[in-house]
Amino acid sequence: MTNPLTDFSNGLTSAVEKGGASTILVNARKRYPASGIVYAEDLVLTADHVVTREEDIKVILPDGKELKATLAGRDPGSDLALLRLAENALTPAKTSNDVKVGQLVLALGRPSGAGVQASWGIVTAISGPARTHRGGLLDEYIQTETTPYPGFSGGPLINTEGDVLGLNTSGLTHGSALTIPAKVAWRIADALAKHGTVKRGYLGVRTQPVANGLLVLWLEEGGPAEKGGLLVGDILVSVGGQSVSDPDHLFSALHSDTVGKSVAVGVLRGGKPETINVMVGERK
């Protein structure tokens, strides 16, 4: 006769073993090391705030092998950094975007050479978009009741199958930790791998929320919006097909893929809807 508690415990152990295979020790700061997740055969995704030096970066793999790494890119706004190894020595983590409130999850970290560490709990909330105190905007974030032990930043949140649901960090809030969902973290990591930074779009406007959109109060002289034909007094209602009713929505709509491209901007001008095409600039 099987013991359900033993089966449950064995299931958690298997999940930790699978998730731990892609959980890396990251030594890139003076204090104790932190953690990272295998993004590609030669790339490790971690939290930006645990990378306080850009030289003499080392990682330790699950088998104990120590390798040197270089900084491939970083995005302080989202607290993500990407490290590159000189060789293809890693097996990328398997990710899942299937996350629900109440789901049982585990937070993993590898802050020491002694092995992977884990804590468990449930998903308590899925929220967003939200501004970070680092000046970025997260489209979505996950809150859990897992315990973020020292050195867990950069490590994965996994489901009971061992699949990575996101990257844990304590660097985006004051005094608490949250998880950047895999679909958000991996999109940013892709940009870091290609460009080293995350481009963000720019219209050159100042706006104020009103009942039906964002009232344009100011236009930068020679900026993208003025060149495109926007006028002070227009009310922005959409950018690239995405509704904008507050500045965070506008920030989110001007994602990296819009930079340097013509985007349809829906406005109310004199109470009548119009569409104006604007070449999006890059925020410096």
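Mentor: Y149 counts as partly exposed, at 39% relative accessibility (buried means under 20% relative accessible area, exposed over 50%, partly exposed in between, with a 1.4 Å probe and protein chains only). This is a predicted model, in which local features need pLDDT of at least 70 and side-chain atom pairs count only at pLDDT 80 or more, while totals for chains, interfaces and linings use all residues. Residues are numbered from 1 along each chain as its sequence is written, and side-chain values use heavy atoms, with hydrogens and water left out.

Trainee: Is F152 buried or exposed?

Mentor: F152 counts as buried, at 3% relative accessibility.

Trainee: How many aromatic pairs does the structure hold?

Mentor: The structure holds three. Rings of Phe, Tyr and Trp (its six-membered ring) pair if their centres lie within 6.5 Å; planes under 30 degrees apart count as stacked, over 60 as edge-to-face and the rest as tilted. One of the pairs joins F8 and W120, whose ring centres are 5.9 Å apart with planes at 55 degrees, so this pair is tilted.

Trainee: And how exposed are those two, F8 and W120?

Mentor: F8 is partly exposed at 39% relative accessibility, and W120 is also partly exposed, with a relative accessible area of 48%.

Trainee: What about Y149 and F152, how are their planes set?

Mentor: Their planes are at 80 degrees and their ring centres 5.5 Å apart, so the pair is edge-to-face.

Trainee: Changing topic, which residue lies over the face of W218?

Mentor: R206 does, at 4.3 Å from the ring centre (a charge sits over a ring if NZ of Lys or CZ of Arg is within 6 Å of the ring centre and within 35 degrees of the ring normal).
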